[in-house]
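Work through the exercises below with the sequence and the model side by side. Each task is followed by a solution in steps.

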Amino acid sequence: MAEHPAYPVGLRLTGRRTVVLGGGQVAQRRLPALIAAGADIHLVSPEATPSVEAMADAGEITWHRRPYTEGDLADAWYALIATSDTEANTRASAEAEAHRVWCVRSDDADAATAWTPATGSSEGVTVAVLTSRARGRDPRHTAAIRDAVVEGLRDGTLVAPHHRTRTPGVALVGGGPGDPDLITVRGRRLLAEADVVIADRLGPRDLLAELPPHVEVIDAAKIPYGRFMAQEAINNALIEHARQGKSVVRLKGGDPYVFGRGMEELQALAEAGIPCTVVPGISSSISVPGAAGIPVTHRGVAHEFTVVSGHVAPDDERSLVDWPSLAKLTGTLVVLMGVDKIGRIAETLVAHGKSPDTPVALVQEGTTAAQRRVDATLATVAATVVAQDVKPPAVIVIGEVVAVGRTGTA
Ligand SMILES: C[S@@+](CC[C@H](N)C(=O)[O-])C[C@H]1O[C@@H](n2cnc3c(N)ncnc32)[C@H](O)[C@@H]1O
């Protein structure tokens with residue numbers, strides 16, 4: 001029998017009695033998928049791992065705290081036999097056979113009537129990889145094939161163009177701080193499906209080079225805006241391309257809603273009746289300090305962090321930031337777009353009570369090959385920025401956390 005290939009099938013187990021014998025590592029690995037399938041799961045085992053026990057506590061499975069006894073499989077549709085007792089496993093699989101219950105055996109694939117494929121999923125598709133025959137089964141190989149397919153579907157390097165439901169309209173994608181590996185899986189997939197990409201200067205520019213030649217890549221900074229504001233011109237370009245029925249990705253640095261004008265774009269699209277998906281991104285405000293060895297919080301050092309825009313100086317009437325109050329906080333201040341104004345910012349913080357010795361770090365072009373960290377204090381930062389020629393984009397971190405990871409960082 002084992003010389004014939006297995007017949008692949010998808011079991012619809014919702015509400016159907018499924019018996020799992022043994023509460024160890026095998027059960028722990030298999031149970032989440034059975035729970036996700038909505039199976040009526042009965043675990044028979046005197047013991048269970050803490051994770052399996054938690055599933056029972058949460059009511060996801062019914063746990064019978066005893067060893068297997070004849071009759072446990074009588075009304076089951078499907079069984080997973082995975083106790084550490086080979087003799088009990090053999091008795092249980094004989095019972096499964098007698099009752100015509102499809103059964104997987106963790107200790108003996110030959111004796112099983114069903115095999116569990118290596119599975120993964122991406123956007124509503126389940127990928128299941130099965131070795132054809134019991135002999136020569138190589139679980140690592142099937143898992144590697146599964147990983148390659150699922151990863152390819154997720155990151156868009158494996159595209160199924162005729163069957164894929166493309167996201168209509170515009171996707172505002174947070175691209176992360178710059179390292180191409182720091183975009184989300186969803187963002188990367190949408191990018192791979194796009195006809196048009198309108199990209200900012202910040203963010204994962206390297207990904208644009210990987211796009212196929214038919215994809216139109218537009219530099220947002222270079223869209224001519226004539227009588228419009230630059231942002232209006234970008235909004236119009238998004239609307240125009242989407243109206244042509246194209247899949248448009250607006251690729252933004254970091255997260256679209258952190259000083260990213262994402263909501264303005266979403267509102268303009270909504271007014272034009274264009275569907276819009278927003279994909280969060282890893283914001284530079286947290287990831288860039290982290291990449292330079294600075295935790296924005298640290299136990300016993302900072303219980304809060306505040307992210308501030310420094311694009312206008314503290315005494316500028318357009319500023320919405322209450323700098324005197326920020327000076328009184330004991331936690332971390334993270335300043336974006338603040339390189340030009342850091343001297344005035346530092347002066348204001350000191351004038352309102354912050355110690356001039358407060359550590360400051362400037363992290364330029366974080367997470368990219370050009371990343372650079374420059375350290376200073378509130379007293380010295382203005383001169384340091386000039387002396388070290390620090391240029392935007394940089395994230396400025398002010399507070400004691402700057403000193404926490406200093407040893408061992410660049
Ligand atoms: C217009 S804001 C956009 C922020 C973005 N939406 C985010 O969540 O990271 C641009 C500022 O973010 C910071 N920034 C973004 N990417 C950076 C990077 N890779 N390295 C350093 N700073 C970065 C700089 O302060 C830059 O001036």
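**Exercise 1.** Which residues does D200 touch, not counting residues up to four places away in sequence?

*Solution.* The model is a predicted one. Begin by placing the residue: D200 sits in the loop between β9 and α6 (206-209). Leaving out residues up to four places away in sequence, D200 touches A220, L251, K252 and G253. Next, decide on its exposure. A residue counts as buried at 20 or more other C-beta atoms within 10 Å and as exposed at 12 or fewer. D200 has 18 C-beta neighbours inside 10 Å, so D200 is partly exposed.

**Exercise 2.** Find the positions that UniProt gives as "active site", and decide why they gather at one spot.

*Solution.* The unreviewed UniProt entry places this feature at D200 and K222. In sequence they span 23 residues, yet no two of their C-alpha atoms are more than 9.7 Å apart, so they gather at one spot. K222 belongs to the loop between β10 (216-219) and α7. With 7 other C-beta atoms within 10 Å, K222 is exposed. The unreviewed UniProt entry also has an annotation "domain: Tetrapyrrole methylase", which covers residues 170-381. For that span, the end C-alpha atoms lie 41 Å apart, and the content is 29% helix and 21% strand.

**Exercise 3.** Determine why the ligand lies between two domains, and describe the shell around the ligand.

*Solution.* Start from the division of the protein: domain 1 (1-116), domain 2 (119-155), domain 3 (170-279) and domain 4 (285-404). The centres of domain 3 and domain 4, taken over C-alpha atoms, are separated by 29 Å. Their contact takes 8 residues from domain 3 and 11 residues from domain 4. On the domain 3 side, the touching residues are 5 nonpolar, 2 polar and 1 charged. Both domains give residues to the shell around the ligand, so the ligand lies between them.

Then take the shell itself. Of the 24 residues around the ligand, G254, V258, S283, S284 and G366 come nearest. Divided by type, the shell has 12 nonpolar, 10 polar and 2 charged residues. At least two shell residues come from each of α9 (284-291) and β17 (394-398). The most come from α9, with 3 residues.

**Exercise 4.** Is G38 buried, exposed or partly exposed, and which residues does G38 touch?

*Solution.* G38 is in the loop between α1 (25-36) and β2 (40-44). There are 13 C-beta neighbours inside 10 Å, so G38 counts as partly exposed. Not counting residues up to four places away in sequence, G38 touches L13, T14 and G15. As a distance check, take R12: G38 and R12 are 26 residues apart in sequence and 8.6 Å apart in space, C-alpha to C-alpha.

How values were computed:
Residues are numbered from 1 along each chain as its sequence is written. This is a predicted model: local features need pLDDT of at least 70, side-chain atom pairs count only at pLDDT 80 or more; totals for chains, interfaces and linings use all residues. A residue is near a molecule or strand if its C-beta atom, placed from the backbone, lies within 6 Å of it. Helices (H or I, at least four residues) and strands (E, at least two) are DSSP runs, numbered from the N terminus. Ala, Val, Leu, Ile, Met, Phe, Trp, Tyr, Cys and Pro count as nonpolar, Asp, Glu, Lys and Arg as charged, and the others, Gly among them, as polar. Domain bounds come from an automatic or database domain assignment. Two residues are in contact if their C-beta atoms, placed from the backbone, lie within 7 Å. UniProt positions are given in the numbering used here, feature names are shortened, and annotations may be inferred rather than shown by experiment.
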